[in-house]
Amino acid sequence: MKKLLTVCVLCLAMLTFFNGCKKEVQTEPEPQPVVEKVEEPAPQPEQPKLTEEEIFMQKTLDQINSEGHLKMIHFDFDKYFIREDMKPILQKNSEWLLNHQSVEIVVEGHCDERGTVEYNMALGEKRAEAAMKYLESLGVPSERMRIISYGKNRPLVKGVDEDSHFMNRRGEFKVVKK
Amino acid sequence: MKLIRPIILLLLMLSLSINAQQEIRIRISDGVAMIPVALPGVTFTSQSTVRNESVRAEIEKTLWDDLDFSRVFRMIPREHYKYIREFDPGNIVFPDWESIQANILVSCQVEMPEEHRIVMSFRVYDVRNGGRFIFGRNFGGKREFARLIAHRAADEMMKQFGETPLYTSKIVFVSNRDGNEEIYMMDYDGGRQRRITINTWMDVLPSWSRDHEKILFTTYRNNNPDLVLFHLYTGKTDFLSTRRANYSADWAPDGNRIVYTSTKSGNAELYVRDMDTGKERRLTFNRVIDTTPNWSPSGREIVFTSARTGTPQIYIMDAEGTNVRRLTTEGNYHDSPEWSPDGTRILFVSRIENRFDIYTYNVRSNSITKLTENAGRNENPSWSPDGRHIVFTSNRGGSYHIYVMDYDGSNLKRLTSRGENKMPKWQKFTHPRFDN
């Protein structure tokens, strides 16, 4: 009898222990998925309300330009041809422009301070034109682009080292219509 | 013995200072010696009811600085005057002035009949010919125009000696002192600096109309470098050329037409525009950059920059666009040519080792003279109306400022102090008001 009693007590003890364990295991993870489940469905109904295009149209031109979809390119000293390492940037720019068919841009041509004011006006124009022509060759219609030369009047960085000069010899792409 | 050393040193220093003085005395201007001029202190006349010392001092200083700047007259230093009898405008002892080597004596008295009015009498005598009276004139005006009155007298003196007046001439330039690049104007000596355009966009590369009543410049008002004609007295703006980049306009010295650079054809080319009819004529036809045209004083030729051989070089062509000949043969970057008022020299900049310096090209001797050296970047030089001085931009002091120097690179002076200042253009035509 004593043996039976001890077995029963042990069984009970184990049962209560396992029950306790089960309870602890169950109670802990329960609140987490509940919170997650509440969060997840919330954005889902909002998404179909606004398309990506609609979100884009809500933004101002300044916002779009500051988001940096169109990356600037740089040029060699005194030159205006498109460097090989800049072509992938223009490729990406053209893809974005082809995905946003309503966008019109201004291509800005800039120079470093090592040219004259007058010659750089013409050189900046050549750089802007080279960048525009390249985008055109990638399928961006020319009607959506305009060029403007700032010569060396709008440097990006102040500095007299080669890195600063490189940064200033650039073509920038600004969204002016969406 | 110990006393001898300092005495020898003192003697050495004395002899050095005497030598230095002699060097200054033999300054020669274009092969012609400068005329020694004595200008005793400006005084009030006995009738003058008001005696404003600041007005007197301002006139005296302006007059002295003007004549000293000329490179025509050499001012005999004031300290020499104390060795002779004191100057008395009513009784001038000419042998005294001859004894301190003056050729010309200027006598200047000021009368202020009331607080806000100045009458200045200006008399010029030939000391060597027994004090012969050369000319005299009275100049008058409001008190705030004291400097202008002195400038007018100095201009009259230049005219009397057969020289081109320049003291009332103005310099137009670009400054960002008030935020963004705007057009400004100042007197030849940096006085009375004032803003011409007031807006939020960039205005650059100004130049004068022939009558000095209008300014040509490039404006980014419509987000494009457009060439405009701005009327100084009415504030009216005429848009002249608005397709692509339009800049570097130069008014013809002999008529109502301008020459300028435009990329409207898809490439930088030169155009002549009739300002009465608006009709244009294209001068250059090629696939390279042609830019920065500037008329010869006769209006028959145009000096300009072209990259037709691969690098920017200076060329001359006939005003019709024909007969192109190359001027610079050395170096690989030249620009900003400007023809001197007498037609004998052409100013330009050249880049060597990424640094711009100012040069003159002598049209008669085909020789080139370098005017700036080892002092930052020097750009956009422009002649004074008499061709003896050059205004230009330099960053020798750190940031860009406007400087003036003589045609031989001497007598450097900074004219601006606030913000960054660049692209100066000096009036190059004799003002119509001086013709009567």
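In this predicted model, B:Phe173 has B:Tyr184 of S10(B) as its bridge partner.

Chain B contains four helices and 32 strands. Its radius of gyration is 25 Å, close to the 22 Å that the globule rule gives for 436 residues, so chain B is as compact as a globular protein of that length. Along the principal axes, the C-alpha trace of chain B spans about 75 × 65 × 40 Å. Buried residues account for 43% of the 436 residues of chain B. When contacts in chain B between residues at least 6 apart in sequence are considered, 41% of them join residues at least 24 apart.

Chain B is divided into domain 1 (27–160) and domain 2 (171–434). On the side of domain 1 that touches domain 2 in chain B there are four charged residues, with no nonpolar and no polar ones. The contact itself involves four residues of domain 1 and five residues of domain 2, and the C-alpha centres of these two domains of chain B lie 35 Å apart.

A second open sheet of chain B has four strands in the order S20-S21-S22-S23, again with antiparallel pairing. At its edges stand S20 and strand S23 (325–326) of chain B, each with a single partner strand, so one side of each is left without a neighbour in the sheet. Strand S22 (residues 313–318) of chain B runs antiparallel to S23(B) and is joined to it by two bridges; here B:Ile316 has B:Arg325 in S23(B) as its bridge partner.

Further along chain B lies strand S25 (residues 345–352). Seven of the eight residues of this strand of chain B are buried, so it is largely enclosed by the rest of the structure. The hairpin of S25(B) and S26(B) has two residues between the strands, and B:Glu353 in the turn has a positive phi of about 50°.

Chain A is built from eight helices and four strands, which follow the pattern α-α-α-α-α-β-α-β-α-β-α-β along the sequence. Of the 178 residues in chain A, 29% are buried. Among contacts in chain A with a separation of 6 or more, 75% are between residues 24 or more positions apart.

After H7(A) comes A:Gly139, whose phi is positive, near 105°.

Strand S4 (residues 170–177) of chain A is joined by two bridges to strand S1 (residues 73–74) of chain A, and the two run antiparallel; A:His74 stands opposite A:Arg170 in S4(A). S4(A) also pairs with strand S2 (residues 104–110) of chain A, in the antiparallel sense and over six bridges. There, A:Val106 stands opposite A:Lys174 in S4(A).

The two chains meet in a contact that takes 25 residues from chain B and 11 residues from chain A. Five strands of chain B each supply at least two residues of the side that touches chain A: S12 (203–208), S16 (246–251), S20 (290–295), S24 (334–339) and S28 (378–383). By class, that side of chain B has 11 nonpolar, 10 polar and four charged residues.

Conventions. Residues numbered from 1 in each chain as written. Chains lettered and ligands numbered in written order. Predicted model: local features only at pLDDT ≥ 70, side-chain atom pairs only at ≥ 80, totals over all residues. Contact = placed C-beta atoms within 7 Å. Nonpolar A, V, L, I, M, F, W, Y, C, P; charged D, E, K, R; others polar. Rg over C-alpha atoms; globule rule 2.2 N^0.38 Å. Buried ≥ 20, exposed ≤ 12 C-beta atoms within 10 Å, placed from the backbone. Pairing = 2+ DSSP bridges. Domains from an automatic or database assignment.
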